[in-house]
Structure formats: C-alpha cells, structure tokens
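Q: I would like to learn how to read some features of a structure, starting with helix packing. Please take one case at a time.

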Amino acid sequence: MMPDPDGLRGKARRLMDGDSRKHIDIKRHRARFILCAGIVILFAMFLLSISVGPTGVQNPVEALMNLWSAISKGGEGLTPEELAVYSSRLPRTVAAIGVGVGLAVAGSAYQAVIRNPLVDPYIMGVSSGAGTMAVAVIAFDFTFVGLFSPHSIYLTAASAIVGGLVAFGTTMLLAQRAGGTTNSYVLSGVVVGLVFSAVQTVMIVFSGAGISSALMWLFGSFASISLVEAFSVLIPALV
C-alpha cells in the first residue's frame with residue numbers, strides 16, 4: 001500500500017517547522033534543524049574526504065584511526081596509510097571546510113547589509129578584486145614594496161584580502177553615488193567585477209611561466225596546501 005503523500009508532507013513540515021504556529025518559533029526551529037543537519041552532513045563529508053583519495057580507499061573507522069595515530073606521532077614516522085590521511089587529505093579537507101564557512105558568512109553578511117538575497121562576493125566584485133591581486137603576487141612576485149618576503153605563505157592571502165577590500169570599497173562608493181538603492185549596489189558590483197576581471201585576464205596573458213600557478217589558485221585548487229595554511233584559512237573563517 002502506497003504511503004499517503006499528504007501525511008509525508010505533514011511530517012516533513014513538522015520536522016522542519018515544529019508544532020508552534022508563531023513565526024519566530026518556526027524560524028528558531030528551522031535554524032536549529034538546519035544547524036544540526038549541517039553538522040551531521042559536515043561530519044559525513046569530513047569522513048568521506050579523509051577516506052577516499054587517489055592513493056586508495058580506507059573505511060571511515062580505519063581512516064579515523066590512522067588520523068589519530070598520525071597526530072599522536074606528531075606527524076613523524078608515519079605509515080603510508082597514515083601519511084595519506086594526515087599529510088594529503090586532512091589539509092585539503094580542513095581548507096575546504098574553511099573556505100565553505102567563509103563563503104557562507106560573507107554571503108550572509110552582504111545580504112544582510114545590502115538587503116538583497118542575490119548579493120554575494122562574486123556579484124559585489126570582491127572575488128574579482130581578490131583574484132586580481134592574487135595573480136599579481138603569484139605570477140609577477142608582487143611583494144607590497146618589500147613588506148613581505150617573496151615566498152611568504154601569507155603574501156597571497158594578504159594580497160587577495162587587500163584586492164577584495166579595494167573592490168568592495170569601490171562598489172560601495174559607486175552605489176552611493178548612484179542613489180544607494182539595492183539595485184545600484186548590484187549593478188555597481190557587476191561593473192567593478194568586470195573591470196577587475198579584465199585586468200586579471202590581461203595579467204594572466206602576460207604572466208608567462210606563472211600562468212599555471214595563477215590558474216590553479218583561481219580555480220580553487222587545494223592540491224599543494226599544507227596543514228598550517230589550511231588552519232590559517234579555517235580559524236579566521238570560524239572567528
């Protein structure tokens with residue numbers, strides 16, 4: 001006998017909204033439900049990420065045991081299985097979580113300030129500004145007039161932050177001059193993003209041997225990220 005679809009919809013609605021009919025109670029219940037579901041899914045994806053890789057597949061329990069063993073050894077004298085989990089998969093997983101958290105927080109902040117559900121770092125031109133400065137560092141060894149050493153692990157990140165702030169400030173200035181409406185913020189962000197994207201494209205064309213590293217960064221690759229760099233992404237995002 002087929003289940004009643006209305007009954008299923010009702011159960012799903014009660015699971016999401018709770019039994020209260022007050023708007024604020026429904027919002028709170030949904031927030032708690034989404035938070036709990038998100039934590040469960042995040043943990044499941046963490047297990048999947050440290051268990052599966054190009055060097056082989058480990059069952060989740062084995063992967064966790066190898067990770068704990070590698071941490072207890074301080075990262076020294078590891079077996080091939082421990083090395084794969086600790087040195088390769090863990091940094092990439094931590095970095096991916098940090099980037100996901102950062103994008104979620106940034107998108108929510110932009111939408112709350114500008115009051116437009118379409119707004120995100122890409123529409124506001126921030127991503128293009130950050131990418132332009134990152135390409136300048138990766139492909140042309142820009143060091144902020146010697147402020148950073150050429151191979152500092154913080155140089156690319158600091159440059160991307162500066163580029164994003166410049167792009168965001170330019171977008172806000174143009175939007176205010178255009179009337180400060182919701183649409184003016186979006187349109188200004190699109191214009192600023194296109195300008196920075198054009199500059200970025202020109203830089204990539206003339207980047208020579210640095211084009212591969214620049215494109216890998218723009219594509220969001222975590223292939224060569226270290227554990228220190230991964231936590232330098234995660235901790236600020238959590239804060």
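A: Begin with α6 and α7, which are oblique to each other. Angles under 35 degrees count as roughly parallel, over 145 as roughly antiparallel, 65 to 115 as roughly perpendicular and the rest as oblique. Helices (H or I, at least four residues) and strands (E, at least two) are DSSP runs, numbered from the N terminus. This is a predicted model, in which local features need pLDDT of at least 70 and side-chain atom pairs count only at pLDDT 80 or more, while totals for chains, interfaces and linings use all residues. Residues are numbered from 1 along each chain as its sequence is written, and side-chain values use heavy atoms, with hydrogens and water left out.

Q: At what angle do the axes of α6 and α7 cross, and within what distance do they come?

A: Two packed helices are described by the angle between their axes and the distance between the axes. Here the axes of α6 and α7 (residues 182-205) come within 8 Å and cross at roughly 135°. Axes are lines fitted to C-alpha atoms, for helices over the stretch in contact, with angles from 0 to 180 degrees between N-to-C directions. The crossing is right-handed (near helix turned clockwise from the far one by less than a right angle; left-handed if anticlockwise).

Q: Which residues make the contact between α6 and α7?

A: Contact means heavy atoms within 4.5 Å. From α6 come V166, A167, T170, T171, M172, L174, A175 and Q176, and from α7 come S184, Y185, S188, G189, V192 and F196. By class, this contact has eight nonpolar, six polar and no charged residues. Ala, Val, Leu, Ile, Met, Phe, Trp, Tyr, Cys and Pro count as nonpolar, Asp, Glu, Lys and Arg as charged, and the others, Gly among them, as polar. Q176 and S188 are 12 residues apart in sequence and 9.4 Å apart in space, C-alpha to C-alpha.

Q: How do α5 and α7 cross?

A: The axes of α5 (residues 126-140) and α7 come within 8 Å and cross at roughly 15°, so these helices are roughly parallel to each other. α5 passes α7 in a left-handed crossing. The residues in contact include V135, A136 and F140 of α5 and F196, V199 and M203 of α7. This contact of α5 with α7 has seven nonpolar, seven polar and no charged residues.

Q: How many aromatic pairs does a search of the whole structure find?

A: A pair of aromatic rings is described by the distance of the centres and the angle of the planes. The search finds one: Y110 and F168, tilted, at 5.4 Å centre to centre with 40° between the planes. Rings of Phe, Tyr and Trp (its six-membered ring) pair if their centres lie within 6.5 Å; planes under 30 degrees apart count as stacked, over 60 as edge-to-face and the rest as tilted. Y110 lies in α4 (residues 80-114) and F168 in α6 (residues 155-177), 58 residues apart. Y110 is buried at a relative accessible area of 15%, whereas F168 is partly exposed at 23%.

Q: How many helices and strands are there in the protein?

A: There are nine helices and two strands, in the order α-α-β-β-α-α-α-α-α-α-α along the sequence. Of the 239 residues, 32% count as buried.

Notes:
Buried means under 20% relative accessible area, exposed over 50%, partly exposed in between (1.4 Å probe, protein chains only).
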